[in-house]
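The sequence and structure come before the details.

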Amino acid sequence: MSLVARLAPHLPFVRRYGRALTGDQATGDNYVRAALEAMAAGEIELPQATSPRVALYKAFHAIWTSSGAQLEDEGPNLTDPTRRLMRIAPRSRQAFLLTALEGFTGPETADILETDLTEVNRLMAQAQAEIDAELATDVLIIEDEAVISADIEALVTELGHRVVAVATTRDEAVSAVADRRPGLILADIQLADGSSGIDAAKDILRVHDVPVIFITAFPERLLTGERPEPTFLITKPFLADNVKAAIGQALFFHPTRQAQPA
């Protein structure tokens with residue numbers, strides 16, 4: 001199989017990554033093109049033991065790093081997520097994007113960045129801390145089990161966010177949003193009075209564009225293709241680190257997020 005055939009399925013994704021990393025599509029594409037040319041000329045090898053996707057990203061990083069790992073200056077046309085990305089330290093930004101945006105595993109990320117898993121975990125923790133500090137917001141929890149809602153509230157508070165209300169029913173959730181708009185919603189599906197967290201989220205999303213993370217023991221009830229399609233879905237029993245990561249990613253990549261009052 002030719003080099004082009006092996007790499008072609010992965011080009012749209014490395015282009016997306018290049019844009020996110022550099023802040024500009026044209027700049028990112030220049031690095032992708034240079035990486036492909038270097039691989040075609042044999043200047044960068046494509047190891048047989050490495051998947052084509054990992055090898056492509058490794059080549060991109062080899063070219064980007066050799067050029068000084070430059071980033072574009074902030075300009076008026078950058079999206080909010082891109083501005084936030086460019087304020088994260090470059091090395092941490094790479095680890096965050098490779099895992100959160102591109103879906104690479106820790107070992108794959110370590111391979112791409114030519115480091116070890118311990119360093120990747122350190123970089124991820126640093127990126128997460130920077131994200132959490134910048135994106136502190138008001139949070140609505142929709143959960144009818146007191147122990148679980150207390151655990152979620154503790155996680156949210158630990159990340160520096162403010163829990164403005166804990167609702168146990170659909171009506172309570174809608175009422176809470178009427179009193180104060182949240183910047184994030186963490187919602188269960190099956191609520192105390194038999195109402196649905198899905199319906200509560202739909203009611204809220206008709207009025208406010210806000211990221212929603214569903215934390216549920218019934219994930220199959222969300223796989224309908226209808227709004228709100230769960231970009232972030234966590235299955236109970238949940239791991240604290242999974243919830244923390246989902247919160248950071250939901251806030252970071254939500255394009256219309258507005259700063260909440262302190």
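The points below are grouped by topic.

This is a predicted model, in which local features need pLDDT of at least 70, side-chain atom pairs count only at pLDDT 80 or more, and totals for chains, interfaces and linings use all residues. Residues are numbered from 1 along each chain as its sequence is written, and side-chain values use heavy atoms, with hydrogens and water left out.

**Overall**
- The protein chain has 12 helices and five strands, taken as DSSP runs (helices H or I, at least four residues; strands E, at least two) numbered from the N terminus.
- Of its 262 residues, 47% are buried (under 20% relative accessible area, 1.4 Å probe, protein chains only).

**Helices α3 and α4**
- Helix α3 (residues 25-40) packs on α4 at an angle of about 110 degrees, with the axes 8 Å apart.
- The two helices, α3 and α4, are therefore roughly perpendicular (65 to 115 degrees).
- In α3, residues including Y31, L36 and M39 meet a set in α4 that includes F60, I63 and W64.
- The residues of this contact (heavy atoms within 4.5 Å) are 13 nonpolar, one polar and no charged.

Definitions and conventions: Buried means under 20% relative accessible area, exposed over 50%, partly exposed in between (1.4 Å probe, protein chains only). Axes are lines fitted to C-alpha atoms, for helices over the stretch in contact, and angles run from 0 to 180 degrees between N-to-C directions. Angles under 35 degrees count as roughly parallel, over 145 as roughly antiparallel, 65 to 115 as roughly perpendicular and the rest as oblique. Ala, Val, Leu, Ile, Met, Phe, Trp, Tyr, Cys and Pro count as nonpolar, Asp, Glu, Lys and Arg as charged, and the others, Gly among them, as polar.
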